[in-house]
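Please read these notes with the model open beside you. Each point takes up one part of the fold.

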Amino acid sequence: MVVRSYEDELHYLERLTDYSFRIKKGFQPNMKVEGIFYVNKQLESLMLDELKQSCRPGNVGGFLPGVKQIANVAALPGIVGRSVGLPDVHAGYGFAIGNMAAFDMNDPKSIVSPGGVGFDINCGVRLLRTNLFEKDVLPYKEKIAQSMFDHIPVGIGSKGIIPMKARDLEEALEMGMDWSLREGYSWAEDKEHCEENGRMLTADSSKVSTRAKKRGLPQLGTLGAGNHYAEIQVVDEIYNKSAACKMGIEEKGQVCIMIHSGSRGFGHQVATEALVRMEKVMSRDKIEVNDRQLACAQINSEEGQDYLKAMAAAANYAWVNRSSMTFLTRQAFAKQFNVSPDDLDMQVIYDVSHNIAKVEEHMVDGRPKTLLVHRKGATRAFPPHHPLIPVDYQLTGQPVLIGGTMGTCSYVLTGTEKGMQETFGSTCHGAGRAFSRAKSRRNLDYTAVLNKLEEMGISIRVASPKLVMEEAPESYKNVTDVVNTCDGAGISKKCIKLRPIAVIKG
């Protein structure tokens, strides 16, 4: 295989706007559509430097640069529109993290790829509001941080405290948040403010292996490790007052809680087993891909349908998981302030998925099409008046929750019509890694990171010192650059900025 020089690679990239680049066909073999990625000046240098490093002589193995992965996805059977890289895009397994792609459900060759969803199926973010303000919480900040750390099981191998038997798990996989509501761990209003109403109806627990269920049973209601967190946050800026009011955010200083977690070992097992199975059937269906990590199956094949049903069960698991931690968070706050969660107005503003594949209706070349939209490290961002968003948000567009890194700000955005046209109603999901976990551990000292957080007035509770280095802000892109790029490109609009005052991590 001939390795092109960096200068030759650049011939395939063309700047479209101040915020976007086109990836021309031919950049990678067999591209059926073009690619696009969104960056501002700061993010552009990170993206192109990753490509430049991959062009060095003798550079073998490891992940492909994100721009190449976007192009490889553009070569998959049945893809329509463009393969899209959002501003937080970085190298991942098969698909880049921050990559979305849509496949025509009416094309018999169209595929579904577990690498286009990720191993942490329905990893996502939930935001709760309160009627508390920073001045109410600061005197008790350490106590409430410790109370949340005590209430929510965190870390690798952590076990949930929500009572679960095998039958309960089966029902949770099928019912999603309806199970949480029935069991008293959720409020009726929570469902209304959740993507898919917290339940994918296509879920079929019989398509999930015994091993996956065994891994999932003890972990329901746990935060996990890695980039997952629960944060107490304060409203720092309001960019769109009318949209913020619809979300129950009245003014700066209001206290919110953000929960970021997914389907834990359960989702990982579902993804792993599907990849192994699909690798075996690709030759049967004459599916060729540029990267073996893009193992896939035709959507309408037995393997494709089995994966989608198991993936939906894992998505339901993740919603029950976040609902369980919402219950525990409400308990922690109620105990600390000696009032009910209802009196604290601890309502869910919204709950979004970051790793999922869903059937949606979109316009392609002026005609409506039914598509299977893969979003990996990407967030659905539907515009005002879209029928799939709650009544509360019909005039504002769907809330989009963008989690920051440990100690940095987070954002709430809203979906736009332009995003619907350019990215199939998708936008970024967070900061996106700039350095690998290994590089972060080599270059950072965890005590220095903790001291810096303390200087910023941020309380932290963390189970593992190693994790502090891996998840330090320096390991990630600047989330404000990412959000400003989406806002500048018009694929979503800034609404609220939140800053952390306490962080709970695994």
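1. Start with helix H5, residues 141–151. Its buried residues are Lys-141, Ile-144, Ala-145, Ser-147, Met-148 and His-151. Buried means under 20% relative accessible area, exposed over 50% and partly exposed in between, with a 1.4 Å probe and protein chains only. Helices (H or I, at least four residues) and strands (E, at least two) are DSSP runs, numbered from the N terminus.

2. A word on the source. This is a predicted model: local features need pLDDT of at least 70, side-chain atom pairs count only at pLDDT 80 or more, and totals for chains, interfaces and linings use all residues. Residues are numbered from 1 along each chain as its sequence is written, and side-chain values use heavy atoms, leaving out hydrogens and water.

3. An α-helix has 3.6 residues a turn, so residues three or four places apart point the same way. On the other side of H5, Lys-143 and Asp-150 are exposed.

4. What does the buried face meet? The buried residues of H5 pack against helix H4 (134–137), strand E8 (229–238), E9, helix H12 (302–337), strand E18 (459–462) and strand E19 (492–505). Contact here means heavy atoms within 4.5 Å.

5. Strand E8 holds Gln-233. Is Gln-233 buried or exposed? Its relative accessibility is 0%, so Gln-233 counts as buried. Its side chain makes a polar contact with the side chain of Glu-231, at 2.8 Å. A polar contact is a pair of N or O atoms within 3.5 Å; within protein, one must be able to donate a hydrogen and the other to accept it, and residues adjacent in sequence count only if both atoms are side-chain atoms. Beyond four places in sequence, the contacts of Gln-233 include Leu-127, Cys-256, Ser-410 and Pro-500.

6. Now the UniProt record. Its unreviewed entry lists Cys-123, His-260 and His-354 under "binding site". These residues are spread over 232 residues of sequence, yet they cluster in space: the largest C-alpha distance is 10.0 Å. UniProt positions follow the numbering used here, feature names are shortened, and annotations may be inferred rather than shown by experiment.

7. Take the two histidines in turn. His-260 sits in strand E9, residues 254–261. It is buried, at 7% relative accessibility. A polar atom of the His-260 side chain lies 3.1 Å from the backbone oxygen of Asn-227. His-354 is in the loop between strand E11 (348–353) and strand E12 (355–364). Its relative accessible area is 1%, so His-354 is buried. Beyond four places in sequence, His-354 touches residues including Cys-123, His-260, Arg-375 and His-429.
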